[in-house]
Amino acid sequence: MIDAEEGEGYRIAGGRADAGIVILCDHASNALPAEYGTLGLPTAEFERHIAYDIGAAAVAEHLAHALGAPALFTRFSRLLIDLNRGTDDPTLIMRLSDGAVIPGNRELTAAERDYRIERYYRPYHDAAARVIAACRATGQAPLIFSVHSMTEVWKGVPRPWDVSILWHKDFGLAEALLAGFRSDPRLAVGDNVPYFGGLEGNTLSQHAHPFGLPNAVIEYRQDLVADARGQAHWAEQTAVILRGIIAQDGVQSRTLATSQAQEPHMAKTEAKTETRAIDAKTQTELEAAAFRKLVAHLQTRTDVQNIDMMTLAGFCRNCLANWYQEAAANKGLNVDKAQARTHIYGMPHAEWQAKYQKEATPQQTAALASAKPHGH
Ligand SMILES: [Zn+2]
């Protein structure tokens with residue numbers, strides 16, 4: 001058992017360490033420590049999404065209870081510090097959020113930033129690491145499931161999705177969740193919208209990716225989970241899907257030895273196979289799924305250098321980004337080069353280069369020259 005526990009900036013809801021899942025709720029609360037007052041904002045701003053994810057904590061609580069799983073909640077607003085960011089992310093402490101200037105964050109000193117990290121950020125992440133380590137110690141790799149909510153309108157445009165799954169380095173769980181929600185034809189289900197799941201430094205990149213744990217973010221549209229009835233309904237629907245994934249996927253029998261492997265862990269959902277004609281839309285979805293696996297694979301295999309890909313196969317990550325950009329242009333959509341590359345690399349290109357690109361050896365340069373690659 002993971003025991004219930006409360007720290008100043010976090011709360012753990014107890015649950016079984018071998019439940020097969022850990023639930024995280026990074027944006028659970030709109031509260032601030034007393035010393036910060038309202039950060040200079042009108043109190044009405046704390047009822048908005050800029051302060052927290054409306055409804056997310058209640059859904060996460062119901063869900064944890066339904067699955068007998070441990071869950072972790074923040075006790076302070078993301079306006080104090082955003083726990084779903086890396087400490088080097090410029091949006092860790094927002095000076096401006098969705099049109100609101102946050103006076104208490106505007107003149108932030110380095111000392112104040114460090115203080116908030118030490119006092120309100122680290123304890124949550126330490127607690128998450130402890131809970132996940134205790135679950136892994138049972139010998140069974142837990143799914144890491146991060147619960148959020150999104151606004152129903154963004155910059156005047158209504159969002160069409162009831163629920164969306166964000167994913168980055170483990171499409172296996174996301175794929176199973178997407179299939180689960182899409183089996184209800186009344187639902188509009190988003191796939192990596194309105195955000196891409198691969199924000200470097202976010203909670204999943206800290207607590208799931210390094211251990212090869214299957215992981216996904218869920219974004220409920222906030223108007224659907226604003227009241228108790230909606231919260232219970234969505235928690236139950238999600239619990240049914242997750243129970244199926246945990247049982248069917250053999251999370252119970254998956255050993256840590258396999259989940260810690262270098263390869264990205266792809267949850268193998270035993271979907272019922274059908275023999276039927278494949279329509280054009282399904283064809284596109286299958287092709288897109290294969291593309292996503294390719295991209296996820298390349299994001300994991302940071303040891304593979306672009307120059308070697310070019311020499312051997314005549315294409316590299318930048319070519320993929322170009323093809324993506326071209327496909328968008330053919331549909332009249334403006335995706336710029338930087339956006340396309342971020343989509344493929346999972347981070348800005350320059351950041352990837354700094355982290356993973358090695359200086360080409362004379363041998364690599366010569367091999368590329370003699371391979372006469374096609375257009376780059
Ligand atoms: Zn959120």
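Strand β7 gives the most to the lining of the second largest pocket, with 4 residues. Strands and helices are DSSP runs numbered from the N terminus (E, at least two residues, for strands; H or I, at least four, for helices). The model is predicted, and local features need pLDDT of at least 70, side-chain atom pairs count only at pLDDT 80 or more, and totals for chains, interfaces and linings use all residues. Residues are numbered from 1 along each chain as its sequence is written, and side-chain values use heavy atoms, with hydrogens and water left out.

The second largest pocket holds about 780 Å³ of space. A pocket is defined on a 1 Å grid over the protein atoms alone, as an open set of points where a 1.4 Å probe fits, with protein on both sides within 12 Å along at least five of seven lines; lining residues have an atom within 4 Å of a point. Grid points are joined across faces, edges and corners, and the volume is the space filled by probe spheres set on the points. The lining of the second largest pocket comprises 34 residues, and His27, Arg78, Asp82, Arg85 and Tyr195 lie nearest the centre. At least two lining residues come from each of β7, α5 (203–207) and β12.

His27 belongs to the loop between β3 (21–25) and α1 (56–67), whereas His148 is in strand β7 (residues 143–150), so the pair ties together parts that are 121 residues apart in sequence. His27 and His148 are both buried, where buried means under 20% relative accessible area, exposed over 50% and partly exposed in between (1.4 Å probe, protein chains only).

The structure contains 9 aromatic pairs. Rings of Phe, Tyr and Trp (its six-membered ring) pair if their centres lie within 6.5 Å; planes under 30 degrees apart count as stacked, over 60 as edge-to-face and the rest as tilted. The pair of Tyr36 and Tyr120 is edge-to-face because the ring centres are 6.3 Å apart and the planes stand at 75 degrees. Tyr36 is in the loop between β3 and α1 and Tyr120 in helix α3 (residues 110–136), so this pair ties together parts 84 residues apart in sequence. Tyr36 is buried, with a relative accessible area of 14%, and Tyr120 is buried at 3%. Another edge-to-face pair is formed by Tyr220 and Trp234, at 5.8 Å centre to centre and 65 degrees between the planes. It links distant parts of the chain, with Tyr220 in strand β12 (residues 215–221) and Trp234 in helix α6 (residues 228–248), 14 residues apart. Tyr220 is buried, with a relative accessible area of 1%, and Trp234 counts as buried at 6%. Ring pairs also join Tyr36, Phe76, Tyr115 and Tyr120 into a cluster.

In helix α9 (residues 306–313), the buried residues include Asn306, Ile307, Met309 and Met310. These residues cover an arc of only 160 degrees around the axis, which puts them on the same side of α9; the arc is that of the directions from the helix axis to the C-beta atoms. Just after α9, Gly314 has a positive phi of about 75 degrees.

Most residues other than glycine have a negative phi, and most peptide bonds are trans. Asp98, in the loop between β5 (96–97) and β6 (100–101), has a positive phi near 45 degrees and counts as partly exposed at 30% relative accessibility. Asn192 has a positive phi near 60 degrees; this residue is in the loop between β11 and α5 and counts as buried at 14% relative accessibility. Pro194 is in the loop between β11 (189–191) and α5, and a cis peptide bond with omega of about -5 degrees joins Val193 to Pro194. Asp191 lies in strand β11 and counts as buried at 17% relative accessibility. Asp191 and Ile165 are 5.3 Å apart in space, C-alpha to C-alpha, and 26 residues apart in sequence.
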